[in-house]
Amino acid sequence: MFNFEQVDVWQRVIEFLQQLINGLALGSILALIALGYTMVYGILRFINFAHGDIFMLGAFAGFYLAPKIAAVLPTPSIWAGLAVMGISMMICAAIGVVIERFAYRPLRRSPKLAVLITAIGVSLFLEYTGQLVFGAAPKKFPDLIPVYPLTQFGGLSINSNQVLVLGVTLLLLLALKFITLKTKIGTAMRALSFNPEAAALMGINTDFVISFTFALGSALAAAAGILYAISYPAIDPLMGILPGLKAFVAAVLGGIGNLPGAALGGLIIGVTETLVSGYISSTYRDAIAFGVLILILLIKPSGLLGKKEVEKV
Amino acid sequence: MLEIKNLAVSYGAITALHGISLSVPAGGIVTLIGSNGAGKTTTLKTISGLLKPKSGEIFYDGKNIAGLPPHQIVKLGLSHVPEGRMIFANLTVMENLQMGAYLQTDRSAVRHALDHVFAAFPRLQERGKQIAGTLSGGEQQMLAIGRALMSKPKLLMLDEPSLGLAPLLVKTIFEKIVEINRQQGITILLVEQNANLALEVSDFGYVLETGKVALQGDSATLRQNPQVKSAYLGGV
């Protein structure tokens, strides 16, 4: 009897750990997308609603690249996966720069609302062009990377994909941290986000820094798209909507404009969502996760790591 | 060195400058004085490219720079310390100075500029790793000037360097400005509300009134001018 109860407790712990790991894997994908929202907001003070669709384009770039890479590199293999991810990141970086150049830059001096509405327009444009070009039906994402079960210890099941998602996310976060804190262009990004006029007076080409920011954010979204497609291999042109929305929420939760905040917010949303669907109800998963968001923002309106912004007059 | 001809600038329907002309000779200190809203800041912002002129020309070393973007103007050797200092409060003192040398790709030139700035403002060296937003007002003004010097300018434009500073600090800052002019040979265009002080350190002055040049002359002469005295120097 006693022994039986012990096993029961053990299994609950295992189950919780399992949910936590699943949640962290989902959360890191959201974190990567959230960083793009928060970087663009930090610099231009507007929400790029088309960002979730860059995530989708990242996955589709991977879908079309995979057979080409398979002709060169043995597939599935970790190298093929990294090659696809790298090229897809570059493609999406270029797309991000082009979108900024032609959709947002002409509105640089217009009211923020005009840019926001344009962003929604760009989002719809990408989604429906995607349906036209890729087809609306979901596609099976190819097996790029071999999946090994790593442990079945006591019922805890971790596979190499989950470790890969967490590992790649961590590496990308460290790279981003290095770029923003230690490089000249990163310092210029921070300077520009604080005061664009003063940044221009330093000789900083603000348009270039803005393009760079879009490239960086879009590359991270593409990486997220590939990681997502590896974990949930059915991709379609509307797949970016919900993760995009959640990542936006994650960015707000962490304190919009704050990079560590966006990463933290992504992890919190991912873990909350997984725990809620595991323990409470998968139907109300999103409702409860968003409820948590509202609660946190009621207590801390500027987000978890956000600083109160003094309105400049 | 700088020659402005009939410069007109407007913010939408409101005209801020109605065609002003002024000239800044190399090596000198020229000041623009005038009350709030006279167009002093607008003049500097247009020279440095933050605002686009409606008409008129800005010749710098014989080249018309009117309408160029700010980063190209900085490259020509023109540096602007904006009103309210506008330091990057989220960056360290050192990072602020590095941003000042943004266009400088030669590392030894950056170090050389840094040595100059630290010689002029030793306080900035002590505070190198500090977040700039935590500096005192006087230190922030030193940082703003130091940051502008990092680009090795030939012409330095200062907008209200005395703003919000205690009288003793104002004196120190103005001594530094004169020192920068004399020792480093940097030409200075100074905008000030504190007309007394501005006319004391400068060679030539322009009085702006509602977007027009109302008076101009040697600073010493302007200080004796009864109109200037009553309107700007607080005399009777």
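What pLDDT does chain B average, and what share of the residues score at least 70? Chain B averages a pLDDT of 92, and 99% of the residues reach a score of at least 70. This is a predicted model. Its scores are ipTM 0.92 and pTM 0.91.

**Chain A: build**
- Chain A is made up of 313 residues.
- Its secondary structure includes 11 helices and four strands.
- Along the principal axes, the C-alpha atoms of chain A fill a box of roughly 75 × 55 × 35 Å.
- A compact globule with 313 residues would have a radius of gyration near 20 Å, and chain A agrees because its own value is 20 Å.

**Chain A: packing**
- In chain A, 47% of the 313 residues count as buried.
- Take the contacts in chain A between residues at least 6 apart in sequence: 76% of them join residues at least 24 apart.

**Where chain A meets chain B**
- Chain B gives 20 residues to the contact, and chain A gives 14 residues.
- On the side of chain B that touches chain A, two helices each supply at least two residues: α2 (70–75) and α3 (93–100) of chain B.
- What kinds of residues make up the side of chain B that touches chain A? This side divides into 11 nonpolar, seven polar and two charged residues.

Notes:
Residues numbered from 1 in each chain as written. Chains lettered and ligands numbered in written order. Predicted model: local features only at pLDDT ≥ 70, side-chain atom pairs only at ≥ 80, totals over all residues. Contact = placed C-beta atoms within 7 Å. Nonpolar A, V, L, I, M, F, W, Y, C, P; charged D, E, K, R; others polar. Rg over C-alpha atoms; globule rule 2.2 N^0.38 Å. Buried ≥ 20, exposed ≤ 12 C-beta atoms within 10 Å, placed from the backbone. pLDDT = per-residue confidence, 0-100.
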